[in-house]
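Here is a friendly note to read with the model open beside you. Take the points in order and find each residue as you go.

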Amino acid sequence: MPALSQPSMAVFKALPIGVLIVMVLKARNQIQNRILITLLLALSFSALGDVLLALDTGPLFIGGLAAFFVSHAFYIITMLPIKHWRIEVVLLYLFFAIIVFCLFYPNLNDILIPVLFYMLVLTIMASLTWMTDKSNGFLVLGGAVFVVSDSILGLNRFYFEIVHADIAIMCSYYLAQFCLIKGFLPAISKQK
């Protein structure tokens, strides 16, 4: 069997997100239009990020980072309103982000600012899974696993090569996305 070309592999990596888009569309009658749109946009920008990161040719990495930044912003919008603030959760995620950032800071060069902003929005998204009125185990797990997945990606790219990093990144990434959608759907159906 011939190996997939880079563009074919990029599309292949985005297919699981397509399955999650179908899950959201199947539940469209049970959820508010605003939430339906924000979830579909979050997943669509994630799929775009998957494609750009899979092609991974210089400027496309920044494009992929930007697409995931927008995706997390839409997840944050979906989580509004915040039910109760949990400063200990924010501090824990922030502490972890600072440690990881310090490890690969010396190798960021021109992309220091985009990576810093991306880590900030990821930290906010993961923290809010604990604080939204939609919070549940799947949502919290999705946020946490997303942080783990992106940490592996960043450490592998900017700190040291991790054995089988691609497998660990993609498996944890798909699990994170699945848990976020699995957590959102029942929570937003109840609120309609």
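1. A disulfide is a pair of cysteine sulfur atoms within 2.5 Å. With that cut-off, the structure holds 0 disulfides. C171 is in no disulfide, and the nearest cysteine sulfur, that of C179, is 13 Å away. C171 is also exposed, with a relative accessible area of 51%; exposed means over 50%, buried under 20% and partly exposed in between, using a 1.4 Å probe and protein chains only.

2. A word on the source: this is a predicted model, in which local features need pLDDT of at least 70 and side-chain atom pairs count only at pLDDT 80 or more, while totals for chains, interfaces and linings use all residues. Residues are numbered from 1 along each chain as its sequence is written, and side-chain values use heavy atoms, leaving out hydrogens and water.

3. Now look at helix α3 (residues 59-79) and helix α6 (residues 137-158), which pack at an angle of about 165° with their axes 14 Å apart. Helices here are DSSP runs (H or I, at least four residues), numbered from the N terminus. Axes are lines fitted to C-alpha atoms over the stretch in contact, and angles run from 0 to 180 degrees between N-to-C directions. The angle makes α3 roughly antiparallel to α6, a label for angles over 145 degrees.

4. Which residues make this contact of α3 with α6? They are F61, F68 and H72 of α3, and F146, D150, L153, R157 and F158 of α6, where contact means heavy atoms within 4.5 Å. By class, the contact of α3 with α6 has 5 nonpolar, 1 polar and 2 charged residues. Ala, Val, Leu, Ile, Met, Phe, Trp, Tyr, Cys and Pro count as nonpolar, Asp, Glu, Lys and Arg as charged, and the others, Gly among them, as polar.

5. Helix α5 (residues 112-128) also packs with α6, at an angle of about 155° and with the axes 8 Å apart. That makes α5 roughly antiparallel to α6. On the α5 side, Y118, L122, M125 and A126 meet G143, F146, V147 and D150 of α6. By class, this contact of α5 with α6 has 6 nonpolar, 1 polar and 1 charged residues.

6. Finally, is S127 buried or exposed? S127 is found in helix α5 and is buried, with a relative accessible area of 3%. Leaving aside residues up to four places away in sequence, S127 touches V89, V90 and Y93.

Note on methods. Helices (H or I, at least four residues) and strands (E, at least two) are DSSP runs, numbered from the N terminus. Angles under 35 degrees count as roughly parallel, over 145 as roughly antiparallel, 65 to 115 as roughly perpendicular and the rest as oblique.
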